[in-house]
Amino acid sequence: MAGEQQGELQLVVFRLKEQTYGVDIGHVLEIIRASDITAIPGAPDFVEGVINLRGRVIPVIDLARRLGLAPINVTGNTRIVIVEVGGTTAGMMVDGVSEVLRLSQESVQPPPPMVAGVAATYLQGIAMVDDRLIILLDTTRIFRREEKEALQELAEQAEERAAS
Amino acid sequence: MFTEEEVAVFLEELEEKLQVINDNVLILEREGGNPEVIQEIFRAAHTIKGSSAVMGYEKMSTLTHEIENLFDRLRQGEMEVSETLVDVLFEALDTLKLLKDEITGPAGEVDVSAVIEKLRVCQLTCGAGGPGGAPAGGGTVPAPAKMSDSRELGDTPTPAQGTGSDLLLPVGQVAGTAAGLSATGTFNGYQTYHLTLELEDAVEEVVREAEVRGFQAYQVDIGIDQGCQMKGVRAFLIFETLQQIGEVIKSVPPAEDLQEGRFEHGFTVVLLTKEDAGQVHDLVFSIAEVSSVEVRPVRLQSGEKIPAPDAATGRAVKKEPAPPGKGNVKTVRVDVQKLDTLMNLVGELVIDRTRLDRFVEVFESRYGSDDLVENIVEISNHLGQVTSDLQEEIMKARMLPVAHVFNRLPRMVRDLAHKMGKEIDFIIEGRETELDRNVIEVIGDPLIHLLRNAVDHGIEPPEERVRLGKPRTGRLLLKAAYVESHIVITLSDDGRGMDPDKIRQKAVEKGLMTPEQAARAGDREILDLIFTPGFSTAGTVSDVSGRGVGMDIVRNQIEQINGSVEFTTAPGRGTTFTIKLPLTLAIIRALMVTLGDHVYAFPLTNVLETLTLKPGEIRRVRHAEVIVVRGQVLPLVRLAHLFQEKSKEEGKLSVVILGSGDKKVGVVVDRLIGEQEIVIKSLGGYLGQVPGLSGATILGDGKVALIVDARGIVKDAGVEEISYEVSRAG
């Protein structure tokens, strides 16, 4: 958080469906290769399964599916970014991790309502780095429990209706 | 202000003492004025009074002071135990609980004046002796209750300066008693400072706590030169010096007297420090005009106290009802999370041991029995032994006596019985039986529900009992005991029992069964309907039961922790519920199977048997597949269908027969691997409950295997069973 005070962000940058995304490095525990994922019958389709992370059973999601895109094709580059959000440790599968980037807070712009099919709720902002666009994801929202999310959406809809 | 930790310590003690009062008032009600019981309550009230005063909870302190006064008079025989008294005491106890809630939560302002008034009235009216209200000072036994609270040793340099800064709460707590003790001390000459101190309970507790944190308590006897001119200053200096290396938790005479020079030739302090005796000695001795220093470690022996020097303080007999076999065990408070972590680490070890076993097998088959292989086998075996021992020990460390739950119940039963106008003799056995703390947390609610049912529906009102030729007072027995590797809790009443015919009628009324079904069903099947959601046998929904929590919830809660609940009943003679619980939840034995490319685990508690079938042996009833095992028709479930996996089944089918409650179901899997000990891991908060699964485990090869929710499968398959019944009937 000290970095933020100095107006600096550190991001883990990764690829997903020809797009570049970033998450705050503060949430990332480690990055591992995608292997031996045990599928969970009956779980939502974006849940890839569970893995054994040194004795802990950790759920892994297909980030592309979570964001409403087509499922990831697992290749040698596929990685699982292990994040810790709100006390839960979970992994998100991405097409490949490219770098860790430092950038100034100023280069981040608030999210436009919709980016490449990704709902604005998951976005923290868009960063411009040397002509590149990096989509900053809000990990806490991505790993929110489904039912809570559904309830939230209902509540939001109700609010919208009440407002209009 | 006090830190959270200090408040937590206070609350914990408070909880404990409230329980002591509660239990003993119950005994009081039953047995009348037993001196030991009165003494217990008195002491507990006294402790609460002291510590709540230190913490600044005035209302609590005032109220307990009043209770204490009352008990002091009881103790002196100036009053007698009466029904009114017990009622007022329970009211006071409830008020104390409210006051406790006031501390912990945003509870409303609790008014204590009414109950205090009642306590005073009680003292005046129930008494046989002199004027009430001010027993203090008039008694013959100088009990700690009468010690002055006005002076605090804590007035001396703040503990923050010492190394024992975190001892603030208990030190304050001690201060009051320490000051009082001085009254008993007489200092006439040289020898008297070699006092043997009687340590108050509170001081002992402080010392124990401190020992846990690595402090040692010393009794330091200090002699001052006879020619010393300014004894007070000297004493102050000594205090200052001691505070640098630790905490003075007690002194005789008290600090104030010392500072004003009101002592003869020496004094004694109890010091908590991390330094050793020699260093303490040297440090004190380095101060000018100190003529002698003697440092002795304070030894704590519960039950056996260092006798007090003065006969007047003859309270040395300390009655601490220690749990049997526990004796004087040194204990350390450990964070529950640390225990959980330890348990997880042991889990890892169990997994590695399983891996090693596999490795050994491969080794043996590849290299036969040469020396190296034998060595590895030996290491593997030894590791296995050590791991199981470790596992067992940690499991034991996580165990708590069921008393934690049971102790809350007598009061509840008493209140309920009063309310319902019933007379009940509530007997508890096996309080000391220990259970995993996770299990303990869960069983409270089901037990309360069963007890409520027993009091409400089970046991008849006294008149009815008399008419039936039963003893007027109903009997309710709650018992915990070990049975093999389980804990069995039984709750029996000698009440009405359940009548299958009445339940039949009810089931038809509620539309759970057609009259024909009900007539055909066996008694057992009918009785088990009480576990059906929404089913209540109560004729009328009373204030007590019928709160929307049914027996189905009870069964669910118990099954969630891998337990089971069964009951037997006889109309007119009573009902006995038997709850069987596992000792621990973390590690279970499981039957491992494969399905497609994956390995699944079935908890062995639900596996009745395994068998292989030819496809031709499967029969169809309507759309459901069934098999016949020894004449019994069981629904058949294909795990592949359930989990939408691609099955590799071919030719013969492997079937696991699962059972839960009275239901059985056959589950088709690809292949049976065998039994194994597995460590249950949760699928995590993110996934939450996944239908069909109850968790995951890690296999010897590092892969994750899923644990099948056997109970869930049996339950869901039950629908088909009924459909079979229907199809047979129709």
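A residue counts as buried under 20% relative accessible area, as exposed over 50%, and as partly exposed in between, using a 1.4 Å probe and protein chains only. By that rule A:Asp36 is partly exposed, because its relative accessible area is 46%.

This is a predicted model: local features need pLDDT of at least 70, side-chain atom pairs count only at pLDDT 80 or more, and totals for chains, interfaces and linings use all residues. Residues are numbered from 1 along each chain as its sequence is written, chains are lettered from A and ligands numbered from 1 in the order in which they are written, and side-chain values use heavy atoms, with hydrogens and water left out.

Start with chain A. It holds four helices and 13 strands. Both are DSSP runs numbered from the N terminus: helices are H or I with at least four residues, strands are E with at least two. Of its 164 residues, 45% count as buried. Contact means heavy atoms within 4.5 Å. Among contacts in chain A with a separation of 6 or more, 54% join residues 24 or more positions apart.

Return to A:Asp36. This residue lies in the loop between β3 (28-33) and β4 of chain A.

Now find A:Ile72. It sits in the loop between α2 (63-66) and β6 (79-85) of chain A. Is A:Ile72 buried or exposed? It is buried, because its relative accessibility is 9%. A:Asp95 is 23 residues away along the chain, with 6.9 Å between the two C-alpha atoms.

Next comes the contact between the chains. Chain A gives 25 residues and chain B gives 20. The size of an interface is often given as the accessible area lost when the parts come together. Here, buried area is the accessible area (1.4 Å probe) that two parts lose on being put together, summed over both. For chain A and chain B it is about 1800 Å², with 68% from carbon and sulfur atoms. On the side of chain A that touches chain B, the elements giving two or more residues are β4 (47-53) and β5 (56-62).

B:Thr387 is buried, because its relative accessible area is 2%. Its side chain reaches the backbone oxygen of B:Leu383 at 2.4 Å. Not counting residues up to four places away in sequence, B:Thr387 touches B:Leu349, B:Val350 and B:Arg353.

End at B:Arg630. It is placed in the loop between β16 (624-629) and β17 (632-638) of chain B. B:Arg630 has a positive phi of about 45 degrees, although it is not a glycine. With a relative accessible area of 69%, B:Arg630 is exposed.

Technical notes: A polar contact is a pair of N or O atoms within 3.5 Å; within protein, one must be able to donate a hydrogen and the other to accept it, and residues adjacent in sequence count only if both atoms are side-chain atoms.
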